[in-house]
Structures are given as C-alpha cells and as structure tokens.
Amino acid sequence: MQFDFYSTHSILVARGSSANLANKIQERGGKSVLIITDPGVLAAGLLSRVMPQFKELKLLVQIFSEVQADPPVSVIDKAIQAAQECHADYIVGFGGGSSMDVAKLVALLSPGKERLSDIYGIGIAKGPRLPLILVPTTAGTGSEVTQSSVVTVSESEKKGVLSPHLLPDLAILDAELTLGLPSHVTAATGIDAMVHAIEAFTTKWLKNPMSDCVAKESLRLLSGNLHKAVHSGNDIVARENMLLGACLAGMAFTNAPVAGVHALAYPIGARFHVPHGLSNSLMLAPVIRFNIEVAHSMYAELGQIIKPGLMGSSIEQATQLADYLGGLAGELGLPQKLVEVGITKHDVDQLARDAMLQTRLLMNSPREITLNDAVALYREAL
C-alpha cells in the first residue's frame with residue numbers, strides 16, 4: 001500500500017473564531033492584508049465581526065468584493081492587481097467556494113512568478129505563494145482543505161489548477177458565519193458536499209483508506225444534519241456539523257478526485273449559470289444509476305450511512321440510494337430536473353460535447369462515460 005494524503009496545515013473549529021482573524025494574522029507576521037469575498041457576504045454583514053480587530057491592532061486591510069460564482073479569469077486578474085497595489089503580504093479568502101478559490105490563486109500569482117494560463121492542470125503550479133487563510137461561510141465546497149481552484153475560461157469550459165501549494169496555512173471553521181444562510185443555499189451547498197464525498201469514495205484513481213474514512217464520516221455528518229440545517233437554520237449544532245462534514249468531504253476529494261457528476265455539472269454551470277451545488281445535485285442520481293453495474297457494492301456501503309436500513313442485494317441498495325438522492329433536492333425545495341433551470345432537449349448535445357472536455361474528471365469515473373453516454377445522462381436528468 002502506498003499513497004499521499006494532503007490537507008491544510010492547521011484547522012481551527014470554534015464558534016465565533018472568525019472575530020479573531022486579525023490576531024491570527026498578526027501572530028504570523030502579517031502587516032498588509034487583502035480579504036477576498038463576494039458582494040453577498042459583504043451585504044450580509046459577515047465581515048462586521050471581523051473588521052474591528054484589524055482597527056484595534058492597526059493592521060492594514062483592504063477588501064476585494066467582486067468575486068462572482070464560477071469566477072472567470074477577469075475577476076482573478078483584478079484581484080491579483082488589488083493585492084499588488086496594496087502590497088499585501090497576507091491573503092484571506094472569506095466566503096463560499098468561489099471566494100476561496102480566487103484567494104488561493106491570488107496568493108499564488110500575485111508575487112508575479114507564475115501566470116494563470118501556464119498552471120492549469122495537476123501539479124504544474126510550483127509557488128511560492130503568499131501566506132493564506134481561508135474562512136468558509138457556506139458548508140459546501142470544502143475549498144479550505146483542497147489543493148484545487150476552478151476557473152471559468154470560456155462560455156462552455158472550466159479549468160482547474162491543482163497543486164499542494166493551494167492548500168492554505170490555516171482554515172477557520174466558524175459555524176456562526178453560516179447561521180444566516182438562506183435555506184436554498186444551505187440545501188444546494190449541502191448536497192454539493194455530499195457529492196464530493198460520494199465521488200471520492202467511488203473514484204477510480206487514488207482512492208485510499210484515509211480518503212474513505214473521511215468520506216464516510218463526512219456523509220454521516222451531512223446526511224444526519226442537512227434537513228435540520230435547511231428547515232431550522234439557526235440550529236448551531238446542525239450548522240457546525242454541516243461545516244465540519246463539508247470540510248471532511250473536501251479532504252476526501254482533494255486526495256481521491258471527483259468524477260462523472262462534476263464533469264457533467266460543469267457545463268451546466270458554465271453555460272446556464274446554475275450554481276455549482278445545484279448543478280451537481282441535478283446530475284447525481286443519473287450518474288449513480290449509470291455507475292451501479294461496476295460500483296454497486298461501494299454505493300450500497302454509502303447507502304447504509306446516508307439512508308440506514310436499506311434492504312436487498314447491493315445492486316438493489318445502490319438503486320434505492322440513487323432514488324433517494326434523486327428526490328432529495330425536491331424534499332429540500334430545490335429544482336429536481338434540468339428543465340426547471342431552463343435547459344431543454346435542444347441543449348443536450350452541446351452540453352455533452354462540453355462535458356467531454358472535462359478529461360481530468362472523466363478519467364476518474366468508475367465506469368467510462370462516452371459522448372453517447374453523456375447525451376443519455378443529460379436526457380435522463382431532463
């Protein structure tokens with residue numbers, strides 16, 4: 001047995017801990033900080049608990065709040081420019097997965113040693129980078145513990161940068177930041193995290209005992225708290241369990257990479273601007289059903305965690321899991337079909353062609369997905 005397992009150097013899990021962000025940076029020698037976030041986080045006032053300590057400690061701080069979902073190259077370029085103009089020696093990603101992904105690339109690229117266009121792919125980025133702290137405000141992407149950052153490079157394509165240099169120095173998990181999340185965001189990001197764990201557990205390459213362990217614990221936390229977090233949004237225990245579950249799912253998939261669900265979800269997000277978590281949710285059940293013939297025993301094992309008490313053979317249990325997950329979005333008030341987000345049968349062929357570009361993800365599928373398979377999967381999801 002031989003495998004590498006990567007994760008963030010230090011993870012702080014504590015309610016209210018984000019208020020101590022400036023002190024954490026000063027302790028580490030930071031003097032000029034750029035916080036990267038999005039307009040929604042700013043409007044929600046989530047930074048209001050963070051900023052007073054910067055003033056108290058006389059620590060220079062600037063806020064870049066132009067991050068958008070599925071961030072394009074132009075946003076990353078503007079954020080890099082902001083970091084260079086304020087001579088930032090510390091970068092903070094504060095928000096959802098997009099803000100954290102942008103922060104990772106800004107920390108890597110603002111020193112000017114590498115260019116974004118040169119580092120797409122696995123292990124190409126070499127660093128060094130600026131010191132980096134990530135603070136998630138949603139329980140979804142697990143970006144605070146992943147060595148990847150995803151960029152929208154065109155109307156139809158996303159590309160990823162994957163490197164251990166993208167792992168932050170510190171991740172701060174403060175469940176109080178997630179208390180104000182709307183229920184539909186909680187639902188979509190929660191299912192997104194579940195997809196990360198499911199695909200990590202069933203991936204064709206790099207699956208290992210440690211990734212399996214955190215994937216299963218992630219699913220125990222997520223499936224056991226998702227409904228409560230959606231329907232009782234101020235339940236701090238449920239919120240904290242969701243945040244930790246998403247973090248563990250991130251640990252799993254950064255070591256055992258995601259596959260077909262993500263490959264088919266990316267074009268939905270790129271072309272139709274459907275949030276990433278919802279795109280994953282829409283493709284989850286069709287891809288599980290497609291994979292059952294080669295991965296039923298693994299799905300059955302996960303089924304006993306997500307929906308304890310499933311009966312029958314492993315194929316029957318895997319099918320029951322797919323049926324349950326196919327209805328989960330609807331239970332939580334989200335769209336269940338592609339037509340509900342504006343996608344029609346006329347879009348299927350183009351989406352399938354776009355999905356075939358995601359070779360980095362498709363290679364991890366337990367069952368090979370061809371162009372014709374992708375067409376059939378999108379049709380099933382309609």
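Start with the hairpin that joins strand 7 to strand 8 through five residues. Strands (E, at least two residues) and helices (H or I, at least four) are DSSP runs, numbered from the N terminus. This is a predicted model: local features need pLDDT of at least 70, side-chain atom pairs count only at pLDDT 80 or more, and totals for chains, interfaces and linings use all residues. Residues are numbered from 1 along each chain as its sequence is written, and side-chain values use heavy atoms, leaving out hydrogens and water.

Select 148-152, which is strand 7. Pairing needs at least two bridges found by DSSP. Pick Val151: Lys159 in strand 8 stands opposite.

Now select 121-122, strand 5. Click Gly121; its bridge partner in strand 8 is Val161.

Zoom out. The three strands form an open sheet in the order 5-8-7, with mixed pairing. Strand 5 and strand 7 are the edge strands, each pairing on one side only.

Is strand 8 mostly covered or uncovered? Mostly covered: four of its five residues are buried. Buried means under 20% relative accessible area, exposed over 50%, and partly exposed in between (1.4 Å probe, protein chains only).

Last stop: Met1, in the segment before strand 1 (10-13). Met1 is exposed, with a relative accessible area of 88%.
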